[in-house]
Amino acid sequence: MVKQTVRLGLLAWLAGLGICQAAEPVPALTLAQDGRTDYAILLAPGAAPPEETAARELRRYLRLVTGVEFAILAPEQVVDRPLIAVGPGAAKTISPGLPLNRTGEGALGHDGVVLRTIGKHLVLTGAVGSTR
């Protein structure tokens, strides 16, 4: 099997296109290397159907790209490992103070998304209660 490394350069690429802005350089995250990963996909209990679909599709495409199976876990199953949080419930598990408002100052609205690293974690979400 060909050794593959997947590094997260998406934020830098989007910033280069002017789609998002990073306040500071974003370090690369190695999601998979040499046929293995330390990462799991985090999905909160009671996640909306679009979040469940997003987590499954993310796992599928990561497997196609890396050849590695990423587990989808609930917060109570996680023991000290890097995570890819999908949806606002999972994002709030990693960073309870993360602003994910749908309305008000700095709001994401119904279509806004957050692609953000928090330490060794990656957060992929929209606003709490949005109708994605």
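Predicted model: local features only at pLDDT ≥ 70, side-chain atom pairs only at ≥ 80, totals over all residues.
H121 is buried, with a relative accessible area of 15%. H121 belongs to strand β7, which spans residues 121-126. Y61, by contrast, is partly exposed at 47% relative accessible area and sits in helix α2, residues 49-66.

**H121 and L31**

- The side chain of H121 places a polar atom 3.0 Å from the backbone nitrogen of L83.
- L31 is part of strand β2, which covers residues 30-33.
- With a relative accessibility of 6%, L31 counts as buried, because the cut-off for that class is under 20% relative accessible area.
- The 15% of H121 falls under that 20% cut-off as well.
- Along the chain, L31 and H121 are 90 residues apart, while their C-alpha atoms are separated by 9.9 Å.

**Y61 and its surroundings**

- The value of 47% for Y61 lies between the 20% and 50% limits, so the residue is classed as partly exposed.
- Y61 forms a nonpolar surface patch with L64 and V65.
- Together, Y61, L64 and V65 have about 320 Å² of accessible area.
- R60 lies over the face of the Y61 ring, at a distance of 4.8 Å from the ring centre.

**Aromatic pairs**

- The count of aromatic pairs in the structure is 0.

Methods. Residues numbered from 1 in each chain as written. Heavy atoms only, no water. Patch = residues over 30% accessible without salt bridge, like charges linked within 9 Å, V, L, I, M, F, W, Y side chains within 5 Å. Areas by Shrake-Rupley, 256 points an atom, 1.4 Å probe, with all protein chains shown as cover. Salt bridge = Lys/Arg side-chain N within 4 Å of Asp/Glu carboxyl O. Helix = DSSP H or I, 4+ residues; strand = E, 2+ residues; numbered from the N terminus. Buried < 20%, exposed > 50% of the residue type's maximum accessible area, 1.4 Å probe, protein only. Phe/Tyr/Trp six-rings, centres within 6.5 Å; stacked < 30°, edge-to-face > 60°. Lys NZ or Arg CZ within 6 Å of the ring centre and 35° of its normal. Polar contact = N/O pair within 3.5 Å; in protein donor to acceptor, adjacent residues only side chain to side chain.
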